[in-house]
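Please look over the structure shown here together with its sequence. A report on selected local features follows.

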Amino acid sequence: MATLPFRDTTFIDREELARRLSLAAEPCPDDARGPRWQLLLREFLWPLEPLRRKLGKPLEITPARTPKTVMLLPGFGAHPIRMRWMARKLEQAGHVAKKWGLGYNLGATADRFARVEERLLDLFGRDREPIILVGWSLGGIMARELAKKHPEKVAKVITMGSPFSGSPRANNGWRAYQAIAGHRVDEPEIDTVLSEKPPVETVAIWSPRDGVVHPRCACGKPGERDRAIAVRCSHMGLVMTNEAIAVVLSELDRA
């Protein structure tokens, strides 16, 4: 039977491809809607963010009070390179920014979660100091789950536009997620309740201008996170704007 390349180094047959396309074509519940299409279109302007940074107010970097080790987890479909500018700013402040070590984030599968769990254990084992997890979008969901499983190894979780609250289909990316990850967004491969708060300090950064994840899902409700902080940028801008990075730096100083 013919096979087609799909994700990582694996191949899927045509039957599996048809199953994934069927997952992507599922109807959306009436009570689950992502951000309006005008906001989604603005997300495609992300290549202009470096220019906006140059024309705007410069980001002032002050030395960290207590430098931390931070692991950055990229969003769905994103490579760690998308968080490189953020990593540079954190390091300018004196923090140690670490990649998650898995390349593209193509879904919160059981295998991928196990691998990022190994990465956390490795980073913790080097200095025996709890790690701060900063997760963008799906990366934030995975960061929350890591903190639930290893609270003694995680000092703090900062999510950025992560849909941990409400319907997992209240976003504009769930169809692509189901096609690529191979499972329904409301049927994760790991046993969890996404809205349950990790037993460590958990801060949710969200934006009313997010064109991918519904703001209410990224903000969360009291009890699902410790604090929520609003910034005014796109979903892509959460890791590319001075405003968002300034909030992250402030939160690292509070850890």
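R128 lies in the loop between helix 5 and strand 5; helices (H or I, at least four residues) and strands (E, at least two) are DSSP runs, numbered from the N terminus. The model is a predicted one: local features need pLDDT of at least 70, side-chain atom pairs count only at pLDDT 80 or more, and totals for chains, interfaces and linings use all residues. Residues are numbered from 1 along each chain as its sequence is written, and side-chain values use heavy atoms, with hydrogens and water left out.

The phi of R128 is near 60 degrees, a positive value in a residue other than glycine. Most residues other than glycine have a negative phi. With a relative accessible area of 56%, R128 is exposed. Here buried means under 20% relative accessible area, exposed means over 50%, and partly exposed is in between (1.4 Å probe, protein chains only). S137 also has a positive phi, of about 55 degrees, and is not a glycine. S137 sits in the loop between strand 5 and helix 6 and is buried, at a relative accessible area of 9%.

## Helix 6

Helix 6 covers residues 138-149 and has 12 residues, which at 1.5 Å a residue should span 16 Å; its end C-alpha atoms are 17 Å apart, in agreement. The expected span is 1.5 Å times one less than the number of residues in the helix.

Helix 6 is mostly covered, with 10 of its 12 residues buried. Among the buried residues of helix 6 are L138, I141, M142, R144, E145 and L146. The cover over the buried residues of helix 6 includes strand 3 (69-73), helix 5, strand 5 (131-136), strand 6, helix 7 and strand 7 (201-206).

## Salt bridges

The structure holds 17 salt bridges, each being a side-chain nitrogen of Lys or Arg within 4 Å of a carboxyl oxygen of Asp or Glu. In one of them, E26 pairs with R169, with the closest N and O atoms 3.2 Å apart. E26 lies in the loop between helix 1 (14-24) and helix 2 (37-42), and R169 in the loop between strand 6 and helix 7, so this pair ties together parts that are 143 residues apart in sequence. Both E26 and R169 are buried. A network of salt bridges links E26, R169, R184, D186 and E187.

Helix 5 (residues 110-127) holds both R115 and D111, which are 4 residues apart, about one turn of the helix. The side chains of R115 and D111 form a salt bridge at 3.5 Å, N to O. R115 is partly exposed at 33% relative accessibility, and D111 is partly exposed at 47%. R126 and D122 also both lie in helix 5, 4 residues apart, and their side chains meet in a salt bridge at 2.7 Å, N to O. R126 is partly exposed at 47% relative accessibility, and D122 is partly exposed at 36%. An α-helix has 3.6 residues a turn, so residues three or four places apart point the same way.

## H95 and its surroundings

H95 is in the loop between helix 4 (84-92) and strand 4 (96-99). H95 is buried, with a relative accessible area of 4%. The side chain of H95 reaches the backbone nitrogen of K68 at 3.0 Å.

Not counting residues up to four places away in sequence, H95 touches A64, T66, P67, K68, V70, L90, L249 and L252. Contact means heavy atoms within 4.5 Å.

## Loop residue S167

S167 is found in the loop between strand 6 (154-160) and helix 7 (174-181), and is partly exposed with a relative accessible area of 24%. Leaving aside neighbours within four places in sequence, S167 is in contact with A32 and C217. The C-alpha atoms of S167 and A18 are separated by 25 Å, and the two residues are 149 residues apart along the chain.

## Nonpolar surface patch

L45, L48, L51 and L55 make a nonpolar surface patch of about 400 Å². Patches are made of residues with over 30% relative accessible area and no salt bridge; like charges are joined within 9 Å, and nonpolar side chains (Val, Leu, Ile, Met, Phe, Trp, Tyr) within 5 Å. Accessible areas come from the Shrake-Rupley method with a 1.4 Å probe, and for residues only the protein chains shown count as cover. L55 belongs to helix 3 (residues 49-55) and, at 70% relative accessibility, counts as exposed.

Terms used
Polar contact = N/O pair within 3.5 Å; in protein donor to acceptor, adjacent residues only side chain to side chain.
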